[in-house]
Amino acid sequence: MKLKSVLLAAMAVSSAAAQVHAQEAVPQQLLKLVQAYTEAQRDFEPSKIDAIVTRDFYEVSPLGEVDPREKVLGFYLPANKREAPTMEVSESSVQMYGNTGTIVVKLSGTVAVPNAEKRSFALRVGYVAVNEGGKWKLASAQYTGIRPPKPQ
């Protein structure tokens, strides 16, 4: 009887440890999802974007335009491909609310400007992710420009 109690206690501790590890892994999964989305945008791969976003996905552009999923996918069609800026994801923050997570990151990079040198830029992006049947997907994205520092 004592051995059975010890085994049950060990299984309970093991299960609790696995749950903690799974909870810790979710923020990393969401950051990988954001990275995959950013790469799919950069590479103009609407099929990858389609697999990453929910059916009712929308994004708010840096200009304040609300683009539904279909418009986002259409923008990234290979026929519309142009030189994409370099993009770096940094300064991340993830918060979990059950089957929903919010992710805030800084996207920074450089873009080629016609008749000029490359220009640096930075955006703060807020994403909402939801767990659909065990798979995380992005439900929305909002982009806000970060002003460059004023010259001293």
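E91 is found in strand β3, where strands, like helices, are DSSP runs numbered from the N terminus (E, at least two residues, for strands; H or I, at least four residues, for helices). Phi of E91 is near 45°, a positive value in a residue other than glycine. Most residues other than glycine have a negative phi. F44 is a further case, with a positive phi of about 50° although F44 is not a glycine. F44 sits in the loop between α1 and α2 (46-52), and at 6% relative accessibility F44 counts as buried, where buried means under 20% relative accessible area, exposed over 50%, and partly exposed in between, with a 1.4 Å probe and protein chains only.

Before going on, a word on what we are looking at. This is a predicted model, in which local features need pLDDT of at least 70 and side-chain atom pairs count only at pLDDT 80 or more, while totals for chains, interfaces and linings use all residues. Residues are numbered from 1 along each chain as its sequence is written, and side-chain values use heavy atoms, with hydrogens and water left out.

On confidence, then: pLDDT is the predictor's confidence in each residue, from 0 to 100, and for the protein its mean is 86, with 84% of the residues reaching 70 or more. Among the elements, the lowest mean pLDDT, 69, belongs to helix α1 (residues 2-42), and the highest, 98, to strand β1 (residues 53-60). Over residues 6-22 pLDDT stays under 50, and for this stretch the model has 0 contacts beyond four places in sequence, a contact being heavy atoms within 4.5 Å.

Now the fold as a whole. The secondary structure comes to 3 helices and 6 strands, and from the N terminus on the elements run α-α-β-β-α-β-β-β-β. Strands β5 (residues 119-132) and β6 (residues 135-145) run antiparallel and are joined by 10 bridges, and the bridge partner of E132 in β6 is K135.

S108 is buried, with a relative accessible area of 17%, and, leaving aside its neighbours within four places in sequence, S108 is in contact with T86, M87, E88, F121 and A122.

Let me finish with the aromatic residues. The structure holds 5 aromatic pairs, counted when ring centres of Phe, Tyr and Trp (its six-membered ring) lie within 6.5 Å, with planes under 30 degrees apart taken as stacked, over 60 as edge-to-face and the rest as tilted. The rings of F75 and Y76 have their centres 4.9 Å apart and their planes at 80°, so this pair is edge-to-face. Which of the two residues is buried, and which partly exposed? Y76 is buried, with a relative accessible area of 11%, whereas F75, at 37%, is partly exposed. Elsewhere, Y37, F57 and Y127 form one aromatic cluster.

Methods
Two strands pair if DSSP finds at least two bridges between them.
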